[in-house]
Amino acid sequence: MGLFGTTGVRGIFGLEFKLEDALRLGYALGEYLGSDSHVIVGRDTRISAKIVEKTFISGLIATGCSVHSCGIVTTPTLTFLCKKLKMFSSPCKSTCKQICS
């Protein structure tokens, strides 16, 4: 199974998607955007979203990007902020599928 779906990176956290993947994705995006970029990041309310968000941000910061975290936010709000403030290169949102037993 590939990580990239039609609406972003997909996978069950801990099995198909691990923290190392979040770090690598953050780093890759930061390298692509460049060190002078500003990235706005948000997350949903799932348990793993906070640690995935922090790990993803670590990858961005490692490339020199400025990161602004909104915490828990809806995707439309995050996109609106990115467009309205005109200082962000990219909006990113951490939403992680959980395994529930």
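Predicted model: local features only at pLDDT ≥ 70, side-chain atom pairs only at ≥ 80, totals over all residues.
Student: In what order do the elements of the protein chain run from the N terminus on?
Tutor: The protein chain contains three helices and five strands. Read from the N terminus on, the order of these elements is β-β-α-β-α-β-α-β.

Student: Which residues make up the largest nonpolar core?
Tutor: In soluble globular proteins, nonpolar side chains tend to be buried together. In this model the largest nonpolar core has ten residues in all. They are F17, A22, L29, V39, V41, V52, F56, I57, L60 and C65.

Student: Which element gives the most to this core?
Tutor: The elements that give two or more residues are α1 (19-33), β3 (38-43) and α2 (49-62). With four residues, the element that gives the most is α2.

Student: Is T55 buried or exposed?
Tutor: T55 sits in helix α2. Leaving out residues up to four places away in sequence, T55 touches L19, A22 and L23. Its relative accessibility is 14%. The cut-off for buried is under 20%, so at 14% T55 counts as buried.

Student: Which residues does I57 touch, not counting residues up to four places away in sequence?
Tutor: I57 is one of the residues of the largest nonpolar core. V41 belongs to that core too. With residues up to four places away in sequence set aside, I57 touches V41, V67 and S69.

Student: What is the relative accessible area of C65, and what is that of C70?
Tutor: C65 is buried and is part of the largest nonpolar core. C70 is partly exposed. The values are 6% for C65 and 31% for C70.

Student: What percentage of the accessible surface of the protein chain belongs to carbon and sulfur atoms?
Tutor: The accessible surface of the protein chain comes to about 6,300 Å². Of this surface, the part that belongs to carbon and sulfur atoms is 59%.

Technical notes:
Residues numbered from 1 in each chain as written. Heavy atoms only, no water. Areas by Shrake-Rupley, 256 points an atom, 1.4 Å probe, with all protein chains shown as cover. Buried < 20%, exposed > 50% of the residue type's maximum accessible area, 1.4 Å probe, protein only. Core = buried A, V, L, I, M, F, W, Y, C linked by side-chain atoms within 4.5 Å. Contact = heavy atoms within 4.5 Å.
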